[in-house]
Amino acid sequence: MDLTFTTEEKNFRDQVATWLRENVTKEERPPEGIEAADFDRAWQKKQFDGGWAGIAWPKEYGGRGLSPLQQLIWHEEYVKARAPYIGMCFLAVNQVGPKLMLEANAEQRAFHLPSILRGESLWCQGYSEPGAGSDLAGLRTKAVVEGDELVINGQKVWTSYAQYCDYQEMLVRTDPSAPKHKGITFVIVDLKNTKGIDIRPLELMSGGKHFSEVFYDDVRVPLANVVGSLNDGWKVTVASLAFERGTAFMAEQIDMANKVEGLIQYAKEHPAPGGRKNAIEDDEFRRRLAILRAEVAAMRAMSLASVSRIQREGKPGPEGSLTRLFFGQLTQSIWRTGMDLLGPERLELSPMAQGITHPYLRTFCNTISGGSAQIQREVYATRVLGMPKTR
Amino acid sequence: MDLLPSPTQIDTIDAIASYLREKLPVARYQAFSYDTLDTPGGALKEVAALGWFGFALDEALGGSGGALTDEMLMMREVGRHVAPLWIPGGVLGARIAALAGKQELAAALLEGRASVAIATASGERPASTTTRSGRIHVIGAERAQYAVLVDVEGALLLDLSRLRLQPAPCIERQLSLHHAELADGSVVAAVPVAKDNLFVRQTILMAAMQAGNCEATRDMAVEYAKVREQFGRPIGSFQAISHMCVDMALRCEQAWTQLSYACLAFEEGAPDAAFQVAAAAVLANRSAIDNARANLQVHGGIGMTQAHDVNYFLKRSHVVETLTGGSFMHLDAIMETAGATQNAGPMVVGA
Ligand SMILES: Cc1cc2nc3c(=O)[nH]c(=O)nc-3n(C[C@H](O)[C@H](O)[C@H](O)COP(=O)(O)OP(=O)(O)OC[C@H]3O[C@@H](n4cnc5c(N)ncnc54)[C@H](O)[C@@H]3O)c2cc1C
C-alpha cells in the first residue's frame with residue numbers, strides 16, 4: 001500500500017498534462033444534437049492522432065497497451081484540464097470496446113475496435129424495452145435465423161443517442177422456448193446501412209432529445225454480426241457488466257470534485273437564500289459543502305481502489321455496484337445542495353449542461369439508467385453479501 | 001377540536017376536484033409543444049364564476065365569506081393537478097385589491113376579467129414591499145395584467161404594464177418567467193401586514209399546493225407500483241418499492257395534518273401560530289420535493305421523459321417552494337418563534 005507514483009508514472013502524468021494543455025479546445029462542447037456528435041467524433045480523433053486514445057487498450061487494436069493506473073492518471077489530468085465530456089463516444093470507448101475485446105471474434109475486433117478509437121463509429125445500446133427494464137432478461141424483441149441472416153422484429157426504448165449512432169449493440173430473443181436467460185443473442189446492427197429501422201427520438205424532462213424509441217420491422221442482419229454464439233448473448237453482456245459498473249464512469253467520478261468546487265465558489269460569491277451573509281459563511285451550507293467534499297474524496301479513493309484491484313487481478317471487482325450506487329446518490333446530493341443554494345434563482349432553467357438547475361434535473365437518471373439504485377443494491381446483496389434471493 | 005373537513009367542505013372539495021380533473025388536469029401539459037405556455041384562457045372566467053377567487057373574502061368585500069381553511073382545501077386540489085398559478089394569484093390579488101379599498105379592481109379580479117401573476121423577491125438585492133424597490137421574478141406574467149408581491153411586511157398588487165419585464169426560461173417550461181426591477185409606479189394596491197397578514201396567507205396556500213402535490217405523487221407511485229410488472233410481478237411487491245411508497249404516504253400525513261393544524265391556529269389567533277405555520281411550510285416543501293423525487297424513481301426510465309406527468313410535479317414542487325418564501329426563512333422562523341413546546345409545558349432536557 002502506498003500513494004507514491006513511480007518516476008515513469010510521473011513522467012507520464014507530465015506528458016499527459018502537456019498534451020492536454022496544448023490540445024484541449026477552448027470551444028464549448030455543443031450540449032446536444034448532430035453538432036455534439038460531430039464534436040465528439042472530432043475530439044476522439046484528435047486524441048487518437050495524438051496517441052492518447054485507448055491508453056489501456058492493447059496495441060493491436062490501436063491502443064497504447066499501458067496500465068490501468070496510467071489510464072487513471074489520464075482521467076485525472078483530463079478532468080483537471082477541463083477537457084470536454086466524452087459525450088456520444090462514451091458507450092463505444094468505455095463499454096463496447098472492452099466488451100468486444102473479451103467476447104468478439106478476431107474479425108469483429110479488427111473491424112470495430114480501431115474505428116471506435118478513431119472516433120469513426122458512434123455506438124448505442126439496444127437493451128431496454130417497454131416491458132424489459134430492470135428485468136432485462138425479460139426482453140421480447142425477436143430474431144429468427146433465415147439463411148445467413150437474423151431477421152429482427154420488435155421494439156427497444158430509451159436508446160441513448162440512437163439517432164446519431166453508426167452501430168447498435170443489441171440483445172434479441174432467438175429462442176423463445178428456452179429459459180429466459182438462455183434464449184438471448186447479442187448482435188451488432190449497422191444503423192446507417194440497414195433497412196426497416198425506425199428511430200423516434202424522445203425528449204428528456206431536462207430538455208433535449210437524448211434517447212429514442214427504436215422499432216424493428218423485418219430488419220435483416222448478417223449472422224456474422226452475432227457476438228459469441230447464438231443464444232449465448234446473456235453471458236456476453238454479463239461478462240462485461242463489471243466494466244460498465246466499475247470503471248466506465250471514472251472520468252465523471254473524478255469530475256465531481258470540479259462540480260463541488262464550483263458550488264463552493266458560488267457559495268463564496270452569493271448570499272445564502274434569505275440570509276445576509278454569503279452562503280459560505282452560513283453554518284449549514286458550509287457543513288453540507290464540507291460533507292460533499294469529503295464524499296467526493298471517498299469517491300476518488302474508491303476509484304483508486306478499483307484501479308488497484310484491476311492492476312492486481314486483471315478485472316474490476318464486485319465493488320462496482322457500490323461505486324455506481326454511490327455515484328448516483330452523490331451526484332444527486334451535490335445538485336440538491338446547489339438547488340438550495342440558489343434560492344429564488346432556482347426558478348430559472350440554466351442552459352444545458354451549465355449552471356445548476358439543468359444538471360439537477362439531469363442527475364435523476366443516475367439512479368435509473370444502467371441498472372437502477374434498487375437493482376444495484378439487490379445485486380450487491382445477493383452476489384456479494386450472500387443474502388437469500390427474493391425472486 | 002376537529003382537524004378534519006366538515007361535510008360541507010367535503011362537498012366543496014369534490015366539486016373543485018372534479019372541475020380540475022375535467023378542465024385543468026395535469027395531463028393538459030402533455031399536449032403542449034416545446035414552447036407552449038400555460039397562459040390563462042377560458043378557464044379563468046369559469047374559475048371566477050365558480051367563486052374560487054373570493055372564497056375566503058368577506059361578503060362585504062365581494063367574496064363568499066368563507067374561512068381560510070376553505071381556501072386551503074381548495075389549493076390542495078389545485079396542487080394535486082399542477083393547476084395554473086393564476087388561481088392562487090387571483091385569490092391573493094383580489095384580496096389585496098379589496099382590502100386596499102380598490103373595489104373596481106377587486107371586482108374585475110373576482111370576475112376573472114384580468115389575470116394575476118405571482119412575483120417573488122430574488123437576486124442580490126431582493127425587492128421589499130416597504131421600500132418598493134429591488135429585484136423580483138414574476139411567474140405567469142404572459143397574458144396577465146397584474147402580479148402580487150407579498151413579504152413579511154406587507155403585500156402589493158403590481159400593474160405589469162408598468163414593469164420592464166425580461167423573459168427567462170423557467171424550470172417548469174410551461175410557465176412564463178420574467179425578472180424585473182420593482183418600480184414604485186407599478187403599485188396599484190398595497191396592504192400592510194398590520195391590516196392583514198397576507199404573508200402567512202400566501203404561505204398557507206402555497207403549502208396547501210405542496211400538500212396536494214405530494215399526495216398526487218404518492219397516488220401515482222402507488223398506482224404504478226401495482227400495475228408495472230418486472231420479473232413477472234408488480235414492482236410494488238418488492239419491498240424497495242413498497243417501502244418507498246409508505247414513506248411517501250408518511251410525508252403526506254406530516255405535511256397535511258401539520259398544515260391543517262397551523263391554518264386553524266392562525267385563524268384562531270393562537271399564540272404559537274407563527275411557529276405552526278413555519279413548521280407547516282417546511283414540512284410541506286420537503287414532502288412535496290421528496291415525494292416528487294421518489295415518484296420519479298418508482299417510474300424508472302419513463303419518469304425521465306418530458307411527455308410523462310411525473311416531471312411536472314417535481315418542477316412544480318421547486319417553484320412552489322420558492323413561493324412559500326423558501327424553506328430557509330421558515331426554518332429560521334421556527335427558531336425565532338417561541339411556542340414549540342408552549343402547550344406541552346416546560347420540557348426538562350435529560351430528565
Ligand atoms: C437517461 C437514460 C438513458 C438510458 N439509456 C439507455 C440505453 O442507451 N440503452 C438501453 O438499453 N437502456 C437505456 N436506459 C434504460 C435503463 O437502463 C432503464 O430505464 C432501467 O434499466 C430501468 O428500467 P425501467 O425504466 O423499465 O424501470 P423498471 O424496471 O420498470 O423499474 C421501475 C422501478 O422499479 C424498481 N424495480 C424493478 N425491479 C425491482 C426489483 N427486483 N427490486 C426492487 N426494485 C425494483 C426500479 O428500481 C425502479 O425504481 C436509459 C435510461 C435513462 C433514464
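## Interface of chain A and chain B

Across the interface of chain A and chain B, 20 residue pairs are found in polar contact, both residues of each pair standing at pLDDT 80 or more. On the side of chain A that touches chain B, the elements giving two or more residues are the helices H8 (283–313), H9 (320–342), H10 (357–362) and H11 (373–384) of chain A. The residues on that side comprise 20 nonpolar, 10 polar and 13 charged. The model described here is a predicted one.

The extent of the interface is summarised below.

| Quantity | Value |
|---|---|
| Residues in the contact from chain A | 43 residues |
| Residues in the contact from chain B | 44 residues |
| Area buried between chain A and chain B | about 3700 Å² |

Of this buried area, 60% lies on carbon and sulfur atoms. Three residues, A:Met205, A:Arg346 and A:Leu347, account for 20% of the area that chain A buries against chain B, more than any other three residues.

Charged pairs also occur across the interface, where the rule finds three salt bridges between chain A and chain B. One salt bridge joins the side chains of A:Arg336 and B:Asp290, with an N to O distance of 3.1 Å.

Within chain A, helix H9 contains A:Thr331. This residue, A:Thr331, counts as buried because its relative accessibility is 7%, and the cut-off for buried is under 20%. Leaving aside residues up to four places away in sequence, A:Thr331 touches A:Met256, A:Thr363 and A:Asn366.

Definitions and conventions. Residues are numbered from 1 along each chain as its sequence is written. Chains are lettered from A and ligands numbered from 1 in the order in which they are written. This is a predicted model: local features need pLDDT of at least 70, side-chain atom pairs count only at pLDDT 80 or more; totals for chains, interfaces and linings use all residues. Side-chain values use heavy atoms; hydrogens and water are left out. Contact means heavy atoms within 4.5 Å. Buried area is the accessible area (1.4 Å probe) that two parts lose on being put together, summed over both. A salt bridge is a side-chain nitrogen of Lys or Arg within 4 Å of a carboxyl oxygen of Asp or Glu. A polar contact is a pair of N or O atoms within 3.5 Å; within protein, one must be able to donate a hydrogen and the other to accept it, and residues adjacent in sequence count only if both atoms are side-chain atoms. Helices (H or I, at least four residues) and strands (E, at least two) are DSSP runs, numbered from the N terminus. Ala, Val, Leu, Ile, Met, Phe, Trp, Tyr, Cys and Pro count as nonpolar, Asp, Glu, Lys and Arg as charged, and the others, Gly among them, as polar. Buried means under 20% relative accessible area, exposed over 50%, partly exposed in between (1.4 Å probe, protein chains only).
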